Amino acid sequence: MTTSPCPPIADADWPNDIAELREDFAGALNVYRTMAHHPDLLNAWAPLRQHVVKENALGPELTEVVILRAGLRMESRYEWAHHVSRALALGFSTARIEAIRTRPEGVDGLIVDAVDALFDQRMLSPEQEAELADAIGRKAVIDLIAMVGFYSVLGYLLKTYDTPVDDNIQKEAEKMPTLFSLTT
C-alpha cells in the first residue's frame, strides 16, 4: 500500500496561518485537512465554498443531487459517501439516492443530465440550458455549472491523495454498505 504524500493534517500539525479555518469548516472534514497542505489555496477556497455549497440558488436538496451525481461521475468514494449521508439527513429516500445513479424523473433527471453533459461535452447545449433555466432558474443553472467544477477539483484532490472517508461517515456507511458504495 502506498502512503499518501498529503494525508489529512492533524490538529497538532495544522498551519498557523489558517488556524481560524480549522475552527470553522476545514477542521471537520478530511478533504479540507488534505487541502490544508496548501494553506493559501484553502484560504482562497473558503469564500467560494461558502457560496457554492451553502448559499447557491439551487437550495439544499438540488445541491445534493448535483454533488451526488458529480461524485459518482468522478468515481469519488469520498464525495459519494459524504453526500449520501447529507442527502439522508435532508430526508432523501434510498430510492431517490439510488435513482441518481441512473436517470431519475423530473427535475432530478434534468440535473443528472446536466451534470453528465458537463462531464461528457464540457457544456450544456442551448436547449438543455433553456429547459433547465425554465425549471430551476438561470442563477441556479450557473451555480450548477460552478458546483460541478468545484466538486471536480475536490474529486481530483481526493483521488490523487487517497483521502480517507471521515470516520463518522464510514460508520454510517457500514450500516448501509450498498447505498454508500459507488458501485451497486
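When I say buried today, I mean under 20% relative accessible area, exposed is over 50%, and partly exposed is in between, with a 1.4 Å probe and protein chains only. Okay, two bits of housekeeping. This is a predicted model, so local features need pLDDT of at least 70 and side-chain atom pairs count only at pLDDT 80 or more, while totals for chains, interfaces and linings use all residues. Residues are numbered from 1 along each chain as its sequence is written, and side-chain values use heavy atoms, with hydrogens and water left out.

Let's start with a loop residue. Asp162 is exposed, because its relative accessible area is 55%. You'll find Asp162 in the loop between α9 and α10; the helices I'm naming are DSSP runs (H or I, at least four residues; strands are E, at least two), numbered from the N terminus. Phi of Asp162 is positive, near 45 degrees, and this is a residue other than glycine.

There's another one like that. Glu75 sits in the loop between α4 and α5, and phi there is near 55 degrees, again positive in a residue other than glycine. Is Glu75 buried or exposed? Exposed, with a relative accessible area of 55%.

Asp162 follows α9, and α9 covers residues 138–160. The expected span, by the way, is 1.5 Å times one less than the number of residues.

Which residues of α9 are buried? The list includes Ala140, Val141, Asp143, Leu144, Met147, Phe150, Tyr151 and Leu158. The buried residues of α9 pack against α2 (30–35), α3 (39–54), α4 (59–74), α5 (77–89), α7 (106–120) and α8; packing here goes by contact, meaning heavy atoms within 4.5 Å.

Ile145 is partly exposed, with a relative accessible area of 38%. Not counting residues up to four places away in sequence, Ile145 touches Leu118 and Leu124. Ile145 and Ala10 are 135 residues apart in sequence, and 33 Å apart in space, C-alpha to C-alpha.

Next, α8 against α9. The axes of α8 (residues 126–136) and α9 come within 7 Å and cross at roughly 115 degrees. Those axes are lines fitted to C-alpha atoms, for helices over the stretch in contact, and the angles run from 0 to 180 degrees between N-to-C directions. From α8 the contact uses Glu129, Leu132, Ala133 and Ile136, and from α9 it uses Arg138, Ala140, Val141 and Leu144. By type, that makes six nonpolar, no polar and two charged. For that count, Ala, Val, Leu, Ile, Met, Phe, Trp, Tyr, Cys and Pro are nonpolar, Asp, Glu, Lys and Arg are charged, and the others, Gly among them, are polar.

Over to α4, the helix that Glu75 follows. It has 16 residues and reaches 22 Å from first C-alpha to last, close to the 22 Å expected at 1.5 Å a residue. Of those 16 residues, 12 are buried, so α4 is largely enclosed by the rest of the structure. Glu64 and Arg69 are among the buried residues, along with Leu62, Val65, Ile67 and Leu72. Packing partners for the buried residues of α4 are α3, α5, α6 (94–100), α7, α8 and α9.

On to α3, where Arg49 lies. Arg49 is buried, with a relative accessible area of 8%. What is Arg49 in contact with, leaving aside its neighbours within four places in sequence? Phe25, Tyr32, Lys54 and Phe150. And we've met Phe150 already, as one of the buried residues of α9.

For contrast, go to α10 (residues 167–175), which holds Lys175. Lys175 is exposed, with a relative accessible area of 71%. Its C-alpha is separated by 32 Å from that of Ala12, 163 residues apart along the chain.

Last thing, the annotation. An unreviewed UniProt entry puts "domain: Carboxymuconolactone decarboxylase-like" at residues 39–102. UniProt positions are in the numbering used here, feature names are shortened, and annotations may be inferred rather than shown by experiment. Over residues 39–102, the chain is 81% helix and 0% strand, with the end C-alpha atoms 37 Å apart.
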